[in-house]
Amino acid sequence: MIRIFILLFFFQSSFSQDLQSKDYFKNLTSKERKIIVDKGTERPYTGKYNNHYKKGTYICKACSNPLFKSNTKFDSKCGWPSFDKEIEGSVIKIPDYSLGMKRTEIICSKCKGHLGHIFYGERFTKENTRHCVNSISLNFIEDSD
Ligand SMILES: [Zn+2]
């Protein structure tokens, strides 16, 4: 009997999370939805924030969760915005075996929307980490000072 209750609890909590995410995604355009919900990738060198170096905070397009500070952004020349460190707790890492490669997907910790992938050991910066993020998954809030 207890087992059934536990199962029901898990079913219900994952179900309500889905509903919540759908709410975050309901105002996205079809182009945004293709990347954020369907885990697509924007074409390199086309994103709004690829060569963007203003001071501020990059937030999730879908739910406004603060994801990256501008001082962690660097020019990796890969064609997508690159960050060497996320704002603590803002990003979840998931193994991704699609396209016949072993990669690590990064999603927003709040709405679970797709952000991009994370790569290690490339020696671009001291952190030795590259969050490769679709511009379309982001919004930017410029520092006011
Ligand atoms: Zn989000």
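1. G116 stands opposite V133, a residue of β8. Strand β7 (residues 114-120) runs antiparallel to β8, and five bridges join the two. Strands here are DSSP runs of E with at least two residues, numbered from the N terminus, as are helices (H or I, at least four residues); two strands count as paired if DSSP finds at least two bridges between them.

2. The model is predicted: local features need pLDDT of at least 70 and side-chain atom pairs count only at pLDDT 80 or more, whereas totals for chains, interfaces and linings use all residues. Residues are numbered from 1 along each chain as its sequence is written.

3. Strand β8 (residues 129-133) is also joined to β4 (residues 82-83), by two bridges in an antiparallel arrangement. Within this pairing, F83 has H131 of β8 as its bridge partner.

4. Of the five residues of β8, four are buried, and the strand is thus mostly covered. A residue is termed buried if 20 or more other C-beta atoms lie within 10 Å of its own, exposed if 12 or fewer do, and partly exposed in between, with C-beta atoms placed from the backbone.

5. An open sheet is formed by three strands with antiparallel pairing, in the order β2-β1-β9. Because β2 (66-69) and β9 (138-142) stand at the edges with a single partner strand each, one side of each is left without a neighbour in the sheet. From one strand to the next, the twist averages 30 degrees (axes are lines fitted to C-alpha atoms, for helices over the stretch in contact; angles run from 0 to 180 degrees between N-to-C directions).

6. Five bridges link β1 (residues 56-60) and β9 in the antiparallel sense. T57 lies opposite I141 of β9.
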